[in-house]
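Hi,

Here is the structure we talked about. Have a look at it first, then read on for what turned up.

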Protein chains: 2
Amino acid sequence: MLGTAAGLPTPQRSLPAVAVEVDGETILFDCGEGTQRQMMVAGISLCRKMKIFITHLHGDHIFGLPGLLQTMNLMNRSHPLHIFGPPGIDDFIRKVGFTLADPVFDLLVSEVCEGEIHREGRYNVEGAWAEHSRPSMAYRLTVGASLGRFRPDRAKALGVPEGPLWSVLKRGEEVELEGGRTVHPAEVLGEPIRGRTLVYTGDTRPSESVVRLASGADLLIHEATFGSELAENAESEGHSTAGGAARVALKAGVGRLILTHISARYPDPTALEEEARAIFGNTEVAHDFMTIQLQGQG
Amino acid sequence: MLGTAAGLPTPQRSLPAVAVEVDGETILFDCGEGTQRQMMVAGISLCRKMKIFITHLHGDHIFGLPGLLQTMNLMNRSHPLHIFGPPGIDDFIRKVGFTLADPVFDLLVSEVCEGEIHREGRYNVEGAWAEHSRPSMAYRLTVGASLGRFRPDRAKALGVPEGPLWSVLKRGEEVELEGGRTVHPAEVLGEPIRGRTLVYTGDTRPSESVVRLASGADLLIHEATFGSELAENAESEGHSTAGGAARVALKAGVGRLILTHISARYPDPTALEEEARAIFGNTEVAHDFMTIQLQGQG
């Protein structure tokens, strides 16, 4: 958790950013001002393989991008960098990029829409629109999900001849045998491996689409800008209370809830944590440099 | 000293920014990424009277502006904010401002040229072009300078009648007496009060125009990106070595030299300090949150 503040930083909390390490690559969600320095303090290289997923185009979630890109340039980054975000992200990067030399690395920028956004190696990222004052994308990262193990005994028993048809079934596609019988992959594969799943909401009021996106996730990192005493502000500004975030976690049936995007008015977030725990027990309020080992299967 | 790094921040050094407190106002020189948070840590309010002087339009000196402006907006700043900088500063602020709501405070942006740039209350700011890869303005801040005290005895002895002519002389203007004799203010005023003077260079190679600007200053805050072993890099990139900065201090006859804009390759800056002290004794390398009481007269 590189930055856990809401719109204003505090001496204790930097602006929003979450770095996830997956198989030697860094997946960064949001890039508030100061993110490059938080990465340095956390010992995360700016030169290695990396993707950035931006939830929305409010300054506190993107003003760290220009400096991050400039530093990568000064460091002669060689790996390409791929940035994903809502429509407008490309324009923002080009507008502030005018103070930069042309990047020495390949810079790809993709404007995202709902559904599967990226798939690579052992992970994929899906998105769903959250509910904020600006279009804001919540992201679901799944690592290590895979089909169940192929069971040759079952394939043989069903009369599938060893050879190319087995490969089709192993890929999770159905095959038609001579004689017209269709064999579905579920008939010959063991239990699928769920992988480990993390959902990061960005800014949002409690949202049914986030509940669906987070369904069964191992970890939900949900914004909780306010406590319940400011529920009206949360509703009108498109934010969540700690209790609202906890209700989303409960409905989605997640394993664990981390609250972030904590307003500067809560130097001590204990009350937020208690408010959420009364609804969803396995809750913690994030702090900068908190590290989490993502539990799960795969 | 809010940020003392060169182009790259480090865990110890934030990006360039210097805040000067003058009669309850904050004068900020440069605004690298992270400046708003450094101000919060240093206990400097973002809501009080403030001017910002930007030396040049490289990202490490300006990427803290968008977030600072957004935070001032969120805090409902009431004081106007006046930003000065080289041509292009207005364009930069408008380009990145697109993520902001209209500022709730008066935002003035002035593109500067050499000479006196601003005068207000007990201080004034002058500028001179430094020598960098982009137009970069060095600034001289003088506080509390004033004419010497009026000496009625001398005025009487010179035959200046008490009344309006005395006021003219007190303002530092000459008067002509009946009979054609001209009295110069120096004849009736005591020693002028020099005030306290600080010069901040921004990025520059050792420069004669900075020597002139810094002439007799109480404090020179000079960049020293490199040590003498990288003198060629300094020259080609428009930066100074510690020794180069010290020679400027010596030539200008300043009271004290602070080295800043220290490259990340010097986690221990002792060698830079020693290199400079061999030439100009009263030298220190800045560190983040270093505070300096500006000595001088006035």
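A:Val143 has A:Arg196 as its bridge partner in β11(A). Before going further, the ground rules: this is a predicted model, in which local features need pLDDT of at least 70, side-chain atom pairs count only at pLDDT 80 or more, and totals for chains, interfaces and linings use all residues. Residues are numbered from 1 along each chain as its sequence is written, chains are lettered from A and ligands numbered from 1 in the order in which they are written, and side-chain values use heavy atoms, with hydrogens and water left out.

Back to the bridge partners. They belong to an antiparallel pairing of strand β8 (residues 137-143) of chain A with β11(A), over five bridges. (Strands and helices are DSSP runs numbered from the N terminus, E of at least two residues for strands and H or I of at least four for helices; two strands pair if DSSP finds at least two bridges between them.) β11(A) also pairs with strand β12 (residues 219-223) of chain A, this time in the parallel sense over three bridges. There, A:Tyr200 has A:Ile221 in β12(A) as its bridge partner. To get from β11(A) to β12(A), the chain passes through helix α8 (residues 208-213) of chain A, making a right-handed β-α-β crossover (with the strands pointing away from the viewer, the path from the first strand over the helix to the second runs clockwise).

Four of the five residues of β11 (residues 196-200) of chain A are buried, so the strand is largely enclosed by the rest of the structure. Buried means under 20% relative accessible area, exposed over 50%, and partly exposed in between (1.4 Å probe, protein chains only).

**One residue in chain B**

B:Asn124 sits in strand β7 (residues 123-129) of chain B and is buried, at 9% relative accessible area. Its side chain makes a polar contact with that of B:Glu116, at 2.8 Å (a pair of N or O atoms within 3.5 Å; within protein, one must be able to donate a hydrogen and the other to accept it, and residues adjacent in sequence count only if both atoms are side-chain atoms).

**The two chains**

Chain A superposes on chain B by a rotation of 180 degrees with 0.1 Å of shift along the axis (RMSD 0.1 Å), by least squares on C-alpha atoms of residues with pLDDT of at least 70 in both. That is the relation of a two-fold axis. In chain A, A:Gly34 has the C-alpha nearest the axis, 2.7 Å from it.

Cheers
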